[in-house]
Amino acid sequence: MAVKTILARVLFAGALAMGTFGGAQAQDADHPKDKKLTVGLDIGYAPWAMRAPDGTVEGFQVDMLNEIARRVGRPGVEFIDANFSAIFAGLFAKRYEMIGSPIAITKERAEQMAFTESWRTGGNAFTTLLNEPDITAPEMLKGKVVATNSGSVADAWLTANAEKYGFTVQKYDKDTDAQQAVLVGRAYASLADLARSEYAAGLNKKTKVSPYIVAGAGAEVGLVVRKDDRAFLEQLEGALECMKKDGTFKKINMKWFKNEGDPNSSMNKIYPGIGPVGFPGYDPAPTFAPKCS
């Protein structure tokens, strides 16, 4: 093996071992150290990101991403609103450096984009009006209309199973519109992220979340960057692991969900290596010990 190749590998391993997730590797033209971190976010997907009465953006993701920006040495965050159906295209076109919405990890997505390790375990749940029977099985949706956010994992599941279970799918650019379709009677139910569904039902006492959970693919959630953005991915991974380690995620979860989260979920679990365990792009080899501050 050439001496230069050996030296390069030694230097790379040493940088990881020293925890330089905020190091010079990712400080190129796409990630200027002196500018705000640009993040694509589906604003309106409460409680992850929504408009406050004064017009500012607030939510779980906002608190999380502001903290990540601080830890990787960036002077704040610029949130760029993007409908979920177009959020990936915006990343590829470099409209923003990363996607900050909670993105379910799937094999297909991991083949096209680079995910961090999972930072939340979830699933998808149906919301109906309060006076409707609980949905305990998808067979109960026969002949019904189900609304969802276009381009989401919920959308993919509904589209794949509509013929099998005999329901019709309505797709909306914003999840709030899918929820509204249920309230005004255009749809019998909506399907969305479990935490999002529970939060929305808590705010609107006319609706409830049914006990049937659509799990499987997309149950784990990560942050997303472009496939060739390895150094930046390491920065984000380091920040996430430090936030898990020092209890920052528990504090943010308490603020928005009034609990510290399941201790066995990925929000409280640090994974070895870089990337999403069990999916394309996962690298178990590096010794990765970020320096937390």
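Author: Glu234 and Arg230 meet in a salt bridge, with their closest N and O atoms 2.6 Å apart. The term salt bridge denotes a side-chain nitrogen of Lys or Arg within 4 Å of a carboxyl oxygen of Asp or Glu. Both residues belong to helix H8, where they stand four residues apart, about one turn of the helix. Helices (H or I, at least four residues) are DSSP runs, numbered from the N terminus. Glu234 is buried, at a relative accessible area of 3%, whereas Arg230 is partly exposed, at 28%. Here buried means under 20% relative accessible area, exposed over 50%, and partly exposed in between, for a 1.4 Å probe and protein chains only.

A word on the basis of these values is in order. The model is predicted, so local features need pLDDT of at least 70 and side-chain atom pairs count only at pLDDT 80 or more, while totals for chains, interfaces and linings use all residues. Residues are numbered from 1 along each chain as its sequence is written, and side-chain values use heavy atoms, with hydrogens and water left out.

Cys242 lies in helix H8 and Cys292 in the segment after H9, so the link ties together parts that are 50 residues apart in sequence. The angle about the S-S bond is -85°, and the link of Cys242 and Cys292 is left-handed. Cys242 is buried, with a relative accessible area of 1%, but Cys292 is partly exposed, at 35%.

Asp246 is partly exposed, with a relative accessible area of 40%, while Arg71 counts as buried at 10%.

Another salt bridge connects the side chains of Arg196 and Asp175, at 2.5 Å from N to O. Arg196 lies in helix H7 (residues 194-203) and Asp175 in helix H6 (residues 175-183), so this pair ties together parts that are 21 residues apart in sequence. Arg196 and Asp175 are both buried. Over the whole structure, the search finds 16 salt bridges.

Notes. Helices (H or I, at least four residues) and strands (E, at least two) are DSSP runs, numbered from the N terminus. A disulfide is a pair of cysteine sulfur atoms within 2.5 Å.
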